[in-house]
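Take a look at the sequence and the fold below. The paragraphs that follow walk through the model, from charged pairs to surface patches and backbone details.

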Amino acid sequence: NYINLKNVSFRYSNKTDYVLKNINLKVKNGSRVGIIGQTGCGKSTLLDILAGLIKPTKGNLYIDNQPLNSKNVKYWYSRISYVPQNIFLLDSSIKENIALGVLKNNIDLKRVKLASKVAKLDNFIEKNNDGYDQVVGEKGIKLSGGQRQRIGIARSIYKNSKVILFDEATAALDNKTEKEVIESIKNISKDITVIMIAHRISTLKYCDVIIRLKNGNIEGLYKYKDIKNS
């Protein structure tokens, strides 16, 4: 029901300054949360803590009332997806890339198609003669940047993730393609929590709240219209 950061501070070593300082944040299930701030303000570190990839130096991350720890972090990994700027792709079929980690014979094609529809990939795939068996090429060379990002989104849906973390996922896209990918993100079920770091404010137009980080602190919580007009 909730992801809760309580008094979270983080530094990479005893000899470095704190990257995050006393962060308190409660994210309700199904929320759309944006994170903005200048380079070096702690955005990616915050996302890494939410993902369970690094442990806070002080404070704790709670899933509902349970602190995330070494005993339950693997379960947390199974419930979240991470969509970076550069999507990892196998030189294999679209369906194998969407169902990444699942043996080819065990792939649920119905689920692949549903995930593709949510990510607005289905029209592109079904126009191709090979359909979901179309090979993407090394590093997805046969796909556009927007199509690669949408495979990342479809992969999250196929995995049945409860939380999807986007780390500047649209930063390398042109404005038109970015808008198309944002529409795909809008299409994600409201049962899924979406947390997004963004370079461009326009990426966050469907967020319920936008967090601005400054020097490792939460400077404020905003609505899109307030940020857009500021």
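Which side chain meets that of Glu219 in a salt bridge? The partner is Arg212, at 3.1 Å from N to O. A salt bridge here is a side-chain nitrogen of Lys or Arg within 4 Å of a carboxyl oxygen of Asp or Glu. Glu219 is partly exposed, because its relative accessibility is 41%. Arg212 is also partly exposed, with a relative accessible area of 25%. The classes are simple: buried means under 20% relative accessible area, exposed means over 50%, and partly exposed lies in between (1.4 Å probe, protein chains only).

A word on the source. This is a predicted model, in which local features need pLDDT of at least 70, side-chain atom pairs count only at pLDDT 80 or more, and totals for chains, interfaces and linings use all residues. Residues are numbered from 1 along each chain as its sequence is written, and side-chain values use heavy atoms, with hydrogens and water left out.

Now the overall build. The protein has eight helices and 10 strands. These are DSSP runs numbered from the N terminus: helices are H or I with at least four residues, strands are E with at least two. The C-alpha trace spans about 55 × 45 × 35 Å along its principal axes. The radius of gyration is 18 Å; this agrees with a compact globule of 230 residues, which would have a value near 17 Å. That radius is taken over C-alpha atoms, and the globule rule is 2.2 Å times the number of residues to the power 0.38. Of the 230 residues, 47% are buried.

Back to the charged pairs. The whole structure holds six salt bridges. One of them joins the side chains of Asp133 and Lys95, at 2.9 Å from N to O. This pair links distant parts of the chain, 38 residues apart. Asp133 sits in the loop between helix H5 (122-127) and helix H6 (145-158), while Lys95 belongs to helix H3 (residues 94-98). The two ends differ in cover. Asp133 counts as partly exposed because its relative accessibility is 44%. Lys95 counts as buried, at 17%.

Glu180 is partly exposed, with a relative accessible area of 31%. Lys176 has 58% relative accessibility, so it counts as exposed.

Lys179 is exposed, because its relative accessible area is 58%. Together with Lys120, Lys186, Lys190, Lys205 and Lys228, Lys179 forms a patch of positive charge on the surface. Patches are made of residues with over 30% relative accessible area and no salt bridge; like charges are joined within 9 Å, and nonpolar side chains (Val, Leu, Ile, Met, Phe, Trp, Tyr) within 5 Å. Lys and Arg count as positive, Asp and Glu as negative, and His and the chain ends are not counted. A charge is placed at NZ of Lys, CZ of Arg, CG of Asp or CD of Glu.

There is a nonpolar patch too. Leu53, Tyr77 and Tyr82 make up about 280 Å² of surface. Accessible areas come from the Shrake-Rupley method with a 1.4 Å probe; for residues, only the protein chains shown count as cover. Tyr77 lies in helix H2 (residues 73-79) and is partly exposed, at 34% relative accessible area.

Which helix is largely enclosed by the rest of the structure? It is H1 (residues 43-50): seven of its eight residues are buried, so the rest of the structure largely encloses it. After H1 comes Gly52, whose phi is positive, near 80 degrees.

Asn7 has a phi of about 50 degrees and lies in strand S1 (residues 2-10). Lys139 has a positive phi of about 55 degrees. Its place is the loop between H5 and H6. Lys139 is exposed, with a relative accessible area of 66%, whereas Asn7 is partly exposed, at 42%.
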